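Work through the exercises below with the sequence and the model at hand. Each task is followed by a solution in steps.

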Amino acid sequence: MKIIITASSKDINQPFNPRFGRADTFLLFDSDSKEWSHLANPASRSSGGAGPQAVEFISRMGGDVVVSGRFGPKAVTALQAAGMKAYTALTGTVSEVLEQYLNGQLKQVG
């Protein structure tokens, strides 16, 4: 499974970014290989529709689950259409947010 967490840098020990469509970076954790990868969000500086554009991008990258702080209604609709699950986190570093997800502590969106 590929779990994507919104971030401001590629450092998993830095706080996660609570903005989904406008996050600078997506950090992807592959639960099979236990490896992290870094994906720059091409929609972060978009003049409009950043959420759906971000969903399209992470969908092509093979994401299964997305964790962020806030998702706009258009992003939620796009995530559901893409068959991806979304969860909200309140606080923590990227690695802490991953642990919260893996431990079933996050609320699913939609």
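**Exercise 1. A residue in a strand**

In which strand does Leu-39 lie? Decide also whether Leu-39 is buried or exposed, and list its contacts beyond the sequence neighbourhood.

Solution. The model is a predicted one.
- Step 1: locate the residue. Leu-39 belongs to strand β3.
- Step 2: apply the burial cut-off, which is under 20% relative accessible area. Leu-39 has 14% relative accessibility, so it counts as buried.
- Step 3: collect the contacts. Setting aside neighbours within four places in sequence, Leu-39 touches Asp-24, Thr-25, Phe-26, Leu-28, Phe-57 and Met-61.
- Step 4: take one distance. Leu-39 and Val-94 are 55 residues apart along the chain, and their C-alpha atoms are separated by 14 Å.

**Exercise 2. Overall fold and dimensions**

Give the order of the elements, and compare the radius of gyration with the value for a compact globule.

Solution. 
- Step 1: count the elements. The protein has 3 helices and 6 strands.
- Step 2: The order is β-β-β-α-β-α-β-α-β.
- Step 3: For 110 residues a compact globule would have a radius of gyration near 13 Å; the protein has 12 Å, which agrees.
- Step 4: Along the principal axes, the C-alpha atoms fill roughly 30 × 25 × 25 Å.
- Step 5: look at burial and surface. Buried residues account for 46% of the 110 residues.
- Step 6: look at contact range. Of the contacts between residues at least 6 apart in sequence, 47% join residues at least 24 apart.

**Exercise 3. Salt bridges**

How many salt bridges are there, and where do the partners lie in the fold?

Solution. 
- Step 1: Side chains of opposite charge can pair when their charged atoms come close.
- Step 2: apply the cut-off, a side-chain nitrogen of Lys or Arg within 4 Å of a carboxyl oxygen of Asp or Glu. The count is 2 salt bridges.
- Step 3: take the pair Asp-24 and Arg-45, with an N to O distance of 3.6 Å. Asp-24 is in the loop between β1 (2-7) and β2 (25-30), and Arg-45 is in the loop between β3 (35-40) and α1 (50-60), so this pair ties together parts 21 residues apart in sequence.
- Step 4: check accessibility for this pair. Asp-24 is partly exposed at 29%, while Arg-45 is exposed at 70%.
- Step 5: take the pair Glu-56 and Arg-60, whose closest N and O atoms are 3.8 Å apart. Both residues sit in helix α1, 4 residues apart, about one turn of the helix.
- Step 6: check accessibility again. Glu-56 is partly exposed at 48%, and Arg-60 is exposed at 57%.

**Exercise 4. The nonpolar cores**

Which residues touch the most other members of the largest nonpolar core, and which element gives the most to this core?

Solution. 
- Step 1: The largest nonpolar core has 19 residues, of which Phe-20, Phe-26, Ile-58, Val-66, Phe-71 and Leu-79 touch the most other members.
- Step 2: assign elements. Two or more residues come from each of β2, α1 and α2 (73-81). Helix α1 gives the most, with 5 residues.
- Step 3: Not counting residues up to four places away in sequence, Ile-58 touches Ile-4, Phe-20, Phe-26, Gly-63, Val-66, Leu-79 and Met-84.
- Step 4: look for a further core.

**Exercise 5. The buried face of a helix**

Which residues of helix α3 are buried, and what covers them?

Solution. 
- Step 1: list them. In α3 (residues 94-102) the buried residues are Val-94, Val-97, Leu-98, Gln-100 and Tyr-101.
- Step 2: view α3 down its axis. Its buried residues fall within an arc of 160 degrees, so they line one face of the helix.
- Step 3: find the cover. The elements over the buried residues of α3 include β1, β2, β3, β4 (65-68) and β5 (85-88).
- Step 4: see what follows. After α3 comes Gly-104, with a positive phi near 70 degrees.

Key. Residues are numbered from 1 along each chain as its sequence is written. This is a predicted model: local features need pLDDT of at least 70, side-chain atom pairs count only at pLDDT 80 or more; totals for chains, interfaces and linings use all residues. Side-chain values use heavy atoms; hydrogens and water are left out. Buried means under 20% relative accessible area, exposed over 50%, partly exposed in between (1.4 Å probe, protein chains only). The arc is that of the directions from the helix axis to the C-beta atoms. Contact means heavy atoms within 4.5 Å. A nonpolar core is a set of buried Ala, Val, Leu, Ile, Met, Phe, Trp, Tyr and Cys residues joined through side-chain atoms within 4.5 Å. The radius of gyration is taken over C-alpha atoms; the globule rule is 2.2 Å times the number of residues to the power 0.38.
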